[in-house]
Amino acid sequence: MATEEATPVFQIQRVYLKDASLEQPNSPAILLEQQQPSVDIQLGVEATPVAEGIFEVAVTATVQTKIQDKTVFLVEAKQAGIFEIRNLPEDQMGPIMGIACPQIVYPYLRGNVADLITRAGFPPVHLAEINFQAMYEQQQAQAAGEPSSILTQ
């Protein structure tokens, strides 16, 4: 029985759309504009313990398009997953929740964001593939106070 308890466990319990919003504050007038809008995309990852060995990992995307200083549309979406993670060494927990879990959740977020934008009447915005390992390593370097090569000019 002791070997059962020490066996590492990593299971997806559920993947779900936790939150989604769409705003078109300047419609319908902005829809008549002929200019190409600028697109700004922000991503975030958060991990929260839910119960013993159970964690929620969420990836958030904010997509804002503007023509000059007027918003065409703003989409915010949070895709989450519930993961059972047990009997892993403590030094592996960060990478699992900062890299492995977001890689599982992110494709669902990409699809939901593109679908929401399309249903709003716009051409879909496809979120690029993300290297969550590089993103995690950058966050770790920033947390440790090291200058990030991405941000250093």
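Reply: We can start with T65 and its contacts. Setting aside neighbours within four places in sequence, T65 is in contact with P37, S38, V39, K70, T71, V72 and F73. T65 itself is in strand 3. Keep in mind throughout that this is a predicted model.

Me: Is T65 buried or exposed?

Reply: The relative accessible area of T65 is 2%, and buried means under 20%, so T65 is buried.

Me: Which residues does V63 contact, leaving aside neighbours within four places in sequence?

Reply: On that basis V63 is in contact with V39, D40, I41, F73, L74, V75, V113, I117, V125 and L127.

Me: How do I read a nonpolar core?

Reply: The general idea is that in soluble globular proteins, nonpolar side chains tend to be buried together. Here the largest nonpolar core has 30 residues, and those that touch the most other members are V63, F73, I85, L109, V113, I117 and L127. Strand 3, strand 4, helix 2 and helix 3 are the elements that give two or more residues to this core.

Me: Which element gives the largest share of this core?

Reply: Helix 2 does, with 10 residues.

Me: Next, aromatic pairs. How many are there?

Reply: The count is three aromatic pairs. To sort a pair, look at the angle between the ring planes: under 30 degrees counts as stacked, over 60 as edge-to-face, and the rest as tilted. The rings of F10 and F83 have centres 5.8 Å apart and planes at 20°, so this pair is stacked. The two partners sit in distant parts of the chain, with F10 in strand 1 (residues 9-23) and F83 in strand 4, 73 residues apart.

Me: Which kind of pair do F73 and F122 form?

Reply: Their planes are at 40°, with 4.7 Å from centre to centre, and the pair is tilted. This pair also links distant parts of the chain: F73 belongs to strand 4, while F122 lies in the loop between helix 2 (90-119) and helix 3 (132-143), 49 residues apart. F73 is buried at 4% relative accessible area, and F122 counts as buried at 11%.

Me: How should I describe a pocket?

Reply: Give its volume, then its lining. The largest pocket holds about 310 Å³ of space. There are 16 lining residues, and the closest to the pocket centre are Q36, P37, V72, F122 and P123. F122, from the tilted pair, is therefore also one of the residues closest to the centre, as that list of lining residues shows.

Me: What is the make-up of the lining by class, and which strands each supply at least two of its residues?

Reply: By class there are 11 nonpolar, four polar and one charged residues. Strand 3 (54-67) and strand 4 (70-86) each supply at least two.

Me: What should I look for in the backbone angles?

Reply: Most residues other than glycine have a negative phi, and most peptide bonds are trans. Phi of Q68 is near 55°, a positive value, and Q68 lies in the loop between strand 3 and strand 4. Phi of N87 is near 60°, also positive, and N87 lies in the loop between strand 4 and helix 2.

Me: What is the exposure of Q68 and of N87?

Reply: Q68 is exposed, at 64% relative accessible area, and N87 is partly exposed, at 41%.

Me: Where is there a cis peptide bond?

Reply: A cis bond joins S27 and P28, with omega about 5°. P28 is in the loop between strand 1 and strand 2.

Notes:
Residues numbered from 1 in each chain as written. Predicted model: local features only at pLDDT ≥ 70, side-chain atom pairs only at ≥ 80, totals over all residues. Heavy atoms only, no water. 1 Å grid on protein atoms, 1.4 Å probe; cavity = no way out; pocket = protein on both sides within 12 Å on 5 of 7 lines; lining within 4 Å. Points joined across faces, edges and corners; volume = space filled by probe spheres on them. Helix = DSSP H or I, 4+ residues; strand = E, 2+ residues; numbered from the N terminus. Nonpolar A, V, L, I, M, F, W, Y, C, P; charged D, E, K, R; others polar. Phe/Tyr/Trp six-rings, centres within 6.5 Å; stacked < 30°, edge-to-face > 60°. Buried < 20%, exposed > 50% of the residue type's maximum accessible area, 1.4 Å probe, protein only. Contact = heavy atoms within 4.5 Å. Core = buried A, V, L, I, M, F, W, Y, C linked by side-chain atoms within 4.5 Å.
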